[in-house]
Amino acid sequence: MLTQIYEISSPDEARAVSEIGIDHVGILVGDGEFPRELPLALAADIAATIVTPARFSALFLTARAALIIEWARMLKPAIVHLGAAPELLGPAEVAMIRAALPDSLIMRSVPVYGEESVEIARSYEHIADYLLLDSHRPSDRQIGAIGVPHDWSISRRIVELVGIPIILAGGLGPDNVAQAISVVRPAGVDSKTRTDREGTHAKDLARVRLFHEAARAAGKISRRTLPSRLPR
């Protein structure tokens, strides 16, 4: 079971989170279009402290493909994570970004808010290397980072129907990640809000460790049991 933690904002956090064993260490990068985006130089300094085998995931909320490509070529992340709303950055643009960045894996966020989410996810088959399923407000220009779970039954349908590894996000923390894994059976799980320190965007390393341990344990149980398929 892969574990992924956002938003890492300092070299000390990156080092500590990767030493816990987190697989994907996520840094929000950008030129200030969205709150808390880190500038290029700082993001590079933080990424340099990630301890292998953890991998650097660069999250772009912007829909500006030229900026994404330019910055990703300089940062050289293992994973380029595209978090713009689907109506702003569609499959054709994602395919173009992927072609321009052959040395990075592409993770595409998919908003989970109804049955149409299944078709959005399917539109990225043969384009994205990972899909991140996250909660979404239709008025937002970005997907996720609202700290609430969504309908896991829809996420489970996407896992069953789409041939891309799925990372489940949306209000996950140490207290509910095992249940989420048992219902959805994703390839990995992501946490941001519920592994932050109370009232801040800094990481609570104790919560990160508990989240990682709970996910790993639940993943082992999930692999030992046969999935019960949901009705379609």
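Modeller: Here is a close look at that helix, starting with its helix neighbour and then turning to the strands. Bear in mind that this is a predicted model, where local features need pLDDT of at least 70, side-chain atom pairs count only at pLDDT 80 or more, and totals for chains, interfaces and linings use all residues. Residues are numbered from 1 along each chain as its sequence is written, and side-chain values use heavy atoms, leaving out hydrogens and water.

Our helix is α3, residues 65-75 (helices are DSSP runs of H or I with at least four residues, strands runs of E with at least two, numbered from the N terminus). Helix α2, residues 40-47, packs against α3 at about 40°, and their axes are 10 Å apart (axes are fitted to C-alpha atoms, for helices over the stretch in contact, with angles from 0 to 180 degrees between N-to-C directions). The crossing is right-handed (the near helix is turned clockwise from the far one by less than a right angle). From α2 come Leu40, Ala43 and Ala44, while α3 brings Trp71, Met74 and Leu75 (contact means heavy atoms within 4.5 Å). That makes six nonpolar residues, with no polar and no charged ones (Ala, Leu, Met and Trp are among those counted as nonpolar).

Now for the strands. Eight of them close into a barrel, running β1-β2-β3-β4-β5-β6-β7-β8 with parallel pairing (a pair needs at least two DSSP bridges). From one strand to the next, the twist averages 25°. Helix α3 packs on this sheet, where it touches β3 (55-60) and β4 (79-82). The direction of α3 makes about 160° with that of β3.
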